[in-house]
Amino acid sequence: MNWMTSPQTSRARRTIAAAVLAAAALGGCGVNSPVQTDVQYVAGDGRPANLGDVQVRNLLIVSDGKGTGTISAGVANNGTRDEKVTFTAEGGSVTKTVAAGKSIVVQAGLAKVTGKPGDLEKLVVSTPSGGEVPVDVPVLEPTGYYSTVTPTATPRSSQ
């Protein structure tokens, strides 16, 4: 019997061939699947907006669906001068001043919100230096960690 055709050699060849085929098949799975860390996404419930040195994050409206709501967002001013940030919706506008190099949390009332929880509502965010950006923001119920963000009937504005 030739050592090249022994049962042990044939078994070893089949095992190696199966391992090579399995590695090729499994290696191909990653070809059509992107590396997740290469995919950018918004990690919050709301939407972002960039206006030059001003960055708005997690922009949303909290509403119980009865016509009023509260804008909620985090705003950072990475510039060297104070910025007035205005949020405009069908139900009015709210302006907040963000000091240079500072961040604030905005929670301001809107007198009219047409969207119900689960809908998108059109807001325009603007600053004098960064222009304006229209954003479709989600309308969320005042539940969970938004339970303390109560919709109010009158718009509030602070400088």
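Reader: What makes up the accessible surface of the protein?

Author: In this predicted model, the accessible surface of the protein comes to about 9500 Å² (Shrake-Rupley method, 1.4 Å probe), and 55% of that surface belongs to carbon and sulfur atoms. Residues are numbered from 1 along each chain as its sequence is written. Local features need pLDDT of at least 70, side-chain atom pairs count only at pLDDT 80 or more, and totals for chains, interfaces and linings use all residues, while side-chain values use heavy atoms, without hydrogens and water.

Reader: Why is Asn 58 called partly exposed?

Author: Buried means under 20% relative accessible area and exposed over 50%, with partly exposed in between (1.4 Å probe, protein chains only). Asn 58 has 28% relative accessibility, and therefore counts as partly exposed. Asn 58 is found in strand 2 (strands are DSSP runs of E, at least two residues, numbered from the N terminus).

Reader: What is noted about the phi of Asn 58?

Author: Asn 58 has a positive phi of about 55° although it is not a glycine. Most residues other than glycine have a negative phi.

Reader: What makes a set of residues a nonpolar core?

Author: The set must consist of buried Ala, Val, Leu, Ile, Met, Phe, Trp, Tyr and Cys residues joined through side-chain atoms within 4.5 Å. The largest such core has 23 residues, and Val 56, Leu 59 and Val 125 are among those with the most contacts inside it. The largest share of this core, 4 residues, comes from strand 2.

Reader: Which residues are in contact with Val 125, leaving aside its neighbours within four places in sequence?

Author: Contact means heavy atoms within 4.5 Å. The partners of Val 125 include Leu 51, Val 56, Phe 87 and Val 135.
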